[in-house]
Amino acid sequence: MIILKSKREIEYIRAAGRITANALVLMKKLAKPGITTGELDQRCEEYIRSCGAFPSCKGYYGYPATICASVNDEVVHGIPGRRKLKDGDIISVDLVVNKDGYHGDSTVTIPVGHVDAAVMQLIKVTEASLYKGIEQAVPGNYLGDIGHAVQAYAESFGYGVVRDYVGHGIGTDMHEDPEVPNYGLAGHGELLESGMVLAIEPMINMGTEKVVQNNKNGWTVVTRDGKPAAHFEHTIAITDNGPEILTLPDEE
Ligand code: MF3
Ligand code: CO
């Protein structure tokens, strides 16, 4: 069941989303060669607690950290730890913040130092595909319009659109209905209405869309071909004035 949100509830989600976005700005500043993903996680948790907010993922089905830190061929759910970032890496930082019982969810893929031009293009196209999806999030459109727009754009560059993980509704729960795939048929699926709040999150692979979760920690998902993956996400509200991004920072 899709829970529609009032204007007041959307402001609560926006307040959570602002902390999420500010924390990701901090992550962009800190993600330099030599820092470990564990240090990024610690700095992120300190920042959001200083805002009177909480890391939504920590403890979620036993997840041990504040951020998901997915490096290079890691698609999602990379667990922060002793891994040191090095020049040429890319890192996707996925963060959900709980402020006053409402969640804000956003992800950015950050280049570390000097990154190969082809990989920079993957990052740029993945971010642009998110905005293609957001553009479709208007009352009267269908859920399939969002996925179709993301997929058509990403596939026009020959990239693989991950099927096994999808976006979601969000509010007082981190994951609510509906599922928001990054692929689909225009004009199909749930009718979009004012008051829906969605986390749209394309995960785009340089090569095959196939992913595997075959490592010992039970979480981290990697591309099957070992090629890099990028991931961008915003929490957005569907309003009569069109889509509104709720995970924007105070300043970049
Ligand atoms: N941010 C992820 C999402 O968009 C959730 C990861 S939190 C974890 O669904 F606990 F599941 F790792
Ligand atoms: Co999400």
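Mentor: A residue is called buried when its relative accessible area is under 20%, exposed when it is over 50%, and partly exposed in between, with a 1.4 Å probe and protein chains only. The model is predicted, so to speak of a local feature takes a pLDDT of at least 70 and to count a side-chain atom pair takes 80 or more, while totals for chains, interfaces and linings use all residues. Residues are numbered from 1 along each chain as its sequence is written, chains are lettered from A and ligands numbered from 1 in the order in which they are written, and side-chain values use heavy atoms, leaving out hydrogens and water.

The part to look at is the metal site. Asp105 (OD), His168 (NE2), Glu201 (OE) and Glu233 (OE) coordinate the cobalt ion, ligand 2, at 2.1 to 2.3 Å. Donors here are N, O and S atoms within 2.8 Å of the metal (3.2 Å for Na, K and Ca), and a site may look incomplete because water is not among the atoms. Along the chain, the cobalt donors follow the spacing D-x62-H-x32-E-x31-E. His168 lies in strand E7 (residues 167-169), and Glu233 in the loop between strand E13 (229-231) and strand E14 (234-239), so this pair ties together parts 65 residues apart in sequence. Helices (H or I, at least four residues) and strands (E, at least two) are DSSP runs, numbered from the N terminus. His168 is buried at a relative accessible area of 5%, and Glu233 is buried too, at 0%.

Next comes ligand 1. Of the 13 residues around ligand 1 (a heavy atom within 4 Å), Cys57, Asp94, Asp105, His175 and Glu201 come nearest.

His175 has a polar side-chain atom 2.5 Å from an oxygen atom of ligand 1. For Glu201, an N or O atom of the side chain is 2.8 Å from an oxygen atom of ligand 1.

The peptide bond from Asp177 to Pro178 is cis, with omega near 0°, and Pro178 lies in strand E8 (residues 176-180). Most peptide bonds are trans, and most residues other than glycine have a negative phi. Asp100 has a positive phi, near 55°. Asp100 lies in the loop between E4 and strand E5 (102-111) and is exposed, with a relative accessible area of 51%.

Asp89 lies in the loop between strand E3 (74-76) and strand E4 (90-99). At 2% relative accessibility, Asp89 is buried, and its side chain reaches the backbone nitrogen of Lys86 at 2.9 Å.

Methods:
Polar contact = N/O pair within 3.5 Å; in protein donor to acceptor, adjacent residues only side chain to side chain.
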